[in-house]
Each structure stands twice: as C-alpha cells, then as structure tokens.
Amino acid sequence: MKKHAIGLLVVALMFSSLCVAQTEDKELRWFTIDSVNVGLDEPPEAVKRQTPRESVRSFLQLTKQQDFDAAVHLLNLSELSAAEQREKGSELARQLAAVLRRGEWIDTSDLSGRQDAAIVDPSGKNPRAGQPRRSLQLASLRAEGQSYDIRLARYRVGEENPVWLITPDNLSSVPLLYEEYGPSWLEEHVPQRFKSTFGALQIWEWIAIPVFLLGVGSVGWLVHRLVGLAARWLPSGSPSIFAGEIKLPMALVVMTLVAQALLNYVVSFSAVATTALRILLITILAWGIGVIALRFVDVILLKIKRRLVGEIDDTKPRDERKLLTSLYALRRGIILVAVVAVTIYILSQIALFEALGITLLASASILTVLLGIAGQAVLGNILSSFQVSLAKPIRIGDLIVFEDKWCYVEGIFYTFIRLRTWDERRLVVPVQYFTSKPFENLSVKSAKMYRMIELALHLNADIECLREKFKEFAEAEKNVIEHHKLSCFVTAQTEAVQKVSFYLMTSEPFAGWEAEMNVREKLLGFIRDNHPEWWPREVVVASHQDIARGEGPTASPTVVADGPSTEDST
C-alpha cells in the first residue's frame with residue numbers, strides 16, 4: 001500500500017512540475033489580459049499585429065495614410081474607459097504618429113519578425129539568444145528634462161492569438177511628448193496637399209530643407225564677413241591675428257546655433273531628416289569650438305615665441321624652450337580631447353551605444369585585425385608623439401643631428417616632427433620613425449660645445465708660438481667662451497708632418513662653427529705671412545747613405561714622403 005502511495009505522489013509531483021513549467025513559460029511569452037480595446041470595433045484586415053515588425057510597420061503605414069481609426073487598434077487603451085477609447089483613441093494614434101515621425105527615426109527592419117521576438121544569433125555570442133521576449137523598447141524621448149519610453153508588448157486575451165500593442169502606461173505621456181515633438185508653427189500653415197509623402201520625407205520638407213540650409217548659410221557668410229572686418233579694425237598683434245584665424249570656425253558655430261534654434265522653435269522635420277541635421281550640426285559645432293580653442297592656443301604660442309623664444313633655436317634658455325614644447329603638447333591634448341568628446345557626444349545623441357557594443361562584441365576579431373592593419377601607423381605615431389611630449393628627449397628649438405643633418409626642432413605634432421635644417425629647408429619626419437632612430441641632441445643640457453681645429457704642419461713648426469697665437473685669435477672671438485679651456489696639442493705625427501689640434505669652447509653650435517672658421521683662417525694667414533716654412537712639403541732623398549755608418553752613395557734620388565704643398569726638396 002505504501003508503495004502505491006509513493007508512486008502516486010511521484011506522478012503527481014511530476015505533473016505539477018510540468019504544469020508549473022508550462023505556466024512560467026507562458027508568462028515569459030506574453031501578458032495575459034481579460035480584454036483589449038472593448039470600446040473599439042473589430043480591427044480591419046489592414047491591421048497586422050502578430051510580430052513586433054508587423055505591428056510597428058502597420059501603425060506607421062496606417063498613420064501615413066491618415067487612417068487613425070484603424071491605427072488605434074495598435075494601441076492598448078485598457079487604461080481608458082470604453083467611451084474614452086472611442087473619443088480619444090484616434091487622437092492618441094495621431095499624436096503618437098507625429099511624435100514618432102519627428103522624435104526618433106524607427107527602422108522597422110531592426111525589429112524582430114518573430115512572434116515571440118526571440119533574438120536570433122547564429123554565432124551564439126548573445127547570452128539572450130533564443131529566449132522569448134514579451135516587451136520591447138520602441139523609442140526613448142525626452143520632454144521637460146525627463147525621459148519617456150514608448151514600449152511594445154505582447155498581449156493575449158483568453159485563447160486568442162497573442163498580439164503586439166503599444167503599452168497603456170506609455171500612452172499617458174503621449175500628450176506631453178506631442179507638445180515637445182508636435183508640428184511646428186511653420187508646418188501647421190503648410191497646405192495639406194504638400195504633406196503627402198515622397199520618399200523618406202514629405203513634399204514640403206523637400207522644399208523647406210534647401211531653403212533652411214540656404215538661410216543658415218547666409219547667416220554664416222554674414223558672420224564670416226563681420227569677423228573679417230573686426231580683424232582689420234583691431235590693432236595689429238595677437239587680437240587681429242586671432243580674429244583673422246577664427247573667421248570660418250566662428251561662422252560655423254553661429255550657423256549651428258541658429259539652425260538649432262530654428263529646429264527647436266520654428267520648423268521641425270521628420271526624424272530621419274532631423275537626426276541627420278542634428279548629428280551634422282553637433283559635429284560642426286564641436287569642430288568649430290575645438291578649432292577656436294586651437295587658434296587661441298596657437299596665438300598664445302606665437303606670442304610666447306615672439307616675446308620669449310624669438311627665432312626657434314637653442315640660444316634661448318632651456319626653460320623657455322621647455323614651455324614652448326609643453327604648449328605644443330597642450331595643443332595636441334586639446335585636439336585629442338575634442339575628438340573623443342565629439343565622438344562620445346554624437347554616439348550618445350543618436351543612441352547607438354547598445355547596438356554598437358553588440359556589433360563590436362560580435363565582430364571583435366575582425367575589428368581588431370582592421371585596426372591593427374589600418375591604424376597601426378597612425379596610432380603608433382600618436383603614442384610616440386605623447387611619449388616625446390612627456391619624456392622631452394627633444395624640445396622646440398633644440399639643435400639635433402639627425403641622420404647626419406644639423407636641424408632645429410621647429411614643431412612636434414601628432415604624427416610628425418618638423419625639423420629646420422641649417423640651410424632653411426624643412427624636414428618632415430614621422431614621429432615613430434624619429435623615435436626609432438638614434439639622434440644627437442646638442443641642446444639637451446646646454447647649447448655650448450667644444451670645437452676642434454686640426455692643422456697638418458711641418459715637423460719644424462713651433463708649437464708654443466702657435467699656442468700663443470691661437471689663444472690670441474680665440475679670445476678675440478665673441479662666441480668663444482671659457483677661455484681657460486683653450487688648448488693646443490700635437491695629436492699625431494708622421495715622417496714629414498705633425499698634426500696640431502686646437503680646442504675651443506663656444507656658446508652654441510652654429511656660432512661655434514663660425515668661430516672655428518674664423519680662427520682657422522687667422523691661423524692659416526699667420527703661418528702664410530710669417531712662417532711659410534711650416535707648410536708640409538714633399539721630402540726627396542738624394543741618397544740612402546747613412547752618414548753615421550759611413551755607407552757609400554746609392555743610386556738616383558727617391559721620394560720617401562709626400563706632403564700636400566711646396567716643391568722644396570732636401
């Protein structure tokens with residue numbers, strides 16, 4: 001008996017569990033209600049409500065045809081009485097259609113075409129793939145500083161087929177949203193025949209948008225002229241330079257502000273046009289403000305360069321050149337911040353973060369490969385540019401020797417470094433290439449440097465006399481400093497000549513080069529005028545007889561050593 005009772009209990013538990021599972025499964029698929037839109041007649045055949053895509057597409061098409069009595073069947077009016085459903089239903093459908101047309105562009109192709117709205121993901125990376133959904137967000141709009149959602153939900157009455165309808169709690173906010181996104185003053189005065197749809201826009205919009213752009217462009221042209229006149233009227237210097245540089249960005253900023261004001265208070269277009277215009281205006285506004293900020297920094301750079309640094313070279317104190325380098329780094333930082341801020345703001349405005357995140361996760365490997373191939377050089381140069389700015393192995397105005405070229409560092413930018421060679425040419429080097437090559441910084445600690453003069457003279461040259469004359473000539477040069485470090489040595493010797501090296505300390509490399517040339521000319525002039533016998537010359541041996549050993553004479557004369565000059569012989 002006990003065994004039969006246990007068996008019955010097990011079977012009962014199994015059936016109860018199955019029933020509970022089926023109940024829970026149904027609760028996940030739809031909302032069960034007693035009735036829907038009892039105050040309305042039966043929905044016409046044009047109303048399709050089986051899938052989210054059908055419901056929204058049917059609503060948009062019916063409202064586009066001004067058939068609001070049929071479109072109201074796509075709304076769940078359960079919060080209204082039967083009488084209110086008949087009186088207010090069509091008006092709510094009309095207002096909601098206007099809100100959706102102007103507030104947010106809805107692409108029905110993005111909505112699910114399945115009755116259960118389950119996410120289809122063949123890759124299997126979406127954790128919610130295959131799970132049925134009974135509620136979807138259709139749009140999210142803001143009015144009076146608050147966010148309001150328009151949602152679509154799946155309802156079932158008794159044993160009838162489930163249908164997708166606009167939820168009743170969202171319909172209560174439609175009048176408020178209509179005040180925000182309803183037709184503008186201009187649209188209310190447009191004749192009805194121009195409100196017919198042609199393509200993605202209405203006929204009147206195809207006419208109004210070019211006029212709108214032309215009017216905004218005229219405002220920009222006027223601002224451009226006024227700022228240009230202001231640049232002429234302002235006193236010469238930084239104000240006039242700044243005004244002259246911001247004519248175009250200032251015109252674009254004013255144009256975008258005027259356009260935004262017109263879109264908010266005068267004219268409103270459909271969501272597809274408004275979204276495109278607002279994205280364009282946001283981008284132009286951010287770009288214009290960023291360029292104005294950059295021009296302001298550029299004017300500061302120019303003013304500091306003129307007052308403190310002057311000509312970009314290494315004759316100025318290193319603190320001034322360090323400040324100039326830091327300002328250039330600030331300029332690049334402003335560009336980076338502006339680009340990132342514009343990108344984030346635009347993406348947030350068009351509400352693409354969620355879709356973009358899913359796309360990035362779904363195609364992370366492809367994007368990684370593309371970025372690795374296409375963006376490697378650009379990103380590498382940008383990172384190297386920040387590395388140079390932070391570590392400061394070079395500064396603006398430093399004199400360097402790069403690939404055997406003497407150059408001044410004239411500018412450090414995002415992707416390249418501009419160098420000015422000694423002969424006033426400009427050498428543009430990618431930052432990553434520059435940092436990967438060794439270079440000599442002649443100004444990293446101090447601009448002063450040793451210079452060396454080397455002369456090849458006869459063995460009978462008087463070194464002490466040369467040493468005195470060298471000090472005399474070097475001390476007379478204004479670019480020669482630290483006279484106590486002047487020195488003269490014999491650094492090499494052969495059978496016929498000796499190499500004499502003269503060392504002098506100069507204030508900076510190019511002035512040192514000039515001082516070196518001047519001192520060399522004076523030493524050569526002194527030797528030529530006073531001791532021509534010190535010039536190296538060919539030595540001709542007339543005999544190989546060693547007088548000390550008493551060896552006999554040898555044959556014809558033989559040249560045993562060569563020098564660069566005279567024909568004297570011994």
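Guide: Pro 183 lies in the loop that separates helix α6 (174–181) from helix α7 (185–188); helices here are DSSP runs of H or I with at least four residues, strands are runs of E with at least two, and both are numbered from the N terminus. The model is predicted, so local features need pLDDT of at least 70 and side-chain atom pairs count only at pLDDT 80 or more, while totals for chains, interfaces and linings use all residues. Residues are numbered from 1 along each chain as its sequence is written, and side-chain values use heavy atoms, with hydrogens and water left out.

With a relative accessibility of 25%, Pro 183 counts as partly exposed, because buried means under 20% relative accessible area, exposed means over 50%, and partly exposed is in between (1.4 Å probe, protein chains only).

Asn 37, in the loop between β1 (31–33) and α2 (52–64), has a phi near 50°, a positive value in a residue other than glycine. Asn 37 is buried, with a relative accessible area of 8%. Glu 482 sits in the loop between β13 (480–481) and β14, and its phi is likewise positive, at about 50°, although Glu 482 is not a glycine. At 22% relative accessible area, Glu 482 is partly exposed.

Strand β14 (residues 487–493) pairs with β15 (residues 497–506) in the antiparallel sense over 6 bridges; two strands pair if DSSP finds at least two bridges between them. The two strands form a hairpin with 3 residues between them, and Phe 489 has Ser 501 of β15 as its bridge partner. Cys 488 is buried, at 1% relative accessible area.

Elsewhere, an open sheet of 5 strands runs in the order β10-β9-β8-β7-β11 with antiparallel pairing. Its edges are β10 (426–430) and β11 (440–441); each has a single partner strand, so one side of each is left without a neighbour in the sheet. Within this sheet, β8 (residues 405–412) and β9 (residues 416–421) run antiparallel and are joined by 5 bridges, with Tyr 408 opposite Arg 420 in β9. Cys 407, at 0% relative accessibility, is buried. The count of disulfides is 0, a disulfide being a pair of cysteine sulfur atoms within 2.5 Å.

Among the helices, α10 (residues 247–265) has 19 residues and spans 27 Å from its first C-alpha to its last, close to the expected 27 Å, which is 1.5 Å times one less than its number of residues. Helix α8 (residues 203–233) packs against α10 at about 145°, with the axes 8 Å apart. The axes are lines fitted to C-alpha atoms, for helices over the stretch in contact, and angles run from 0 to 180 degrees between N-to-C directions. Residues making the contact include Phe 212 and Val 216 of α8 and Met 250 and Ala 251 of α10, where contact means heavy atoms within 4.5 Å. The buried residues of α10 include Ala 251, Ala 259 and Leu 263.

Finally, the whole protein comprises 18 helices and 17 strands, and 37% of its 570 residues are buried. Of the contacts with a separation of 6 or more, 65% are between residues 24 or more positions apart.
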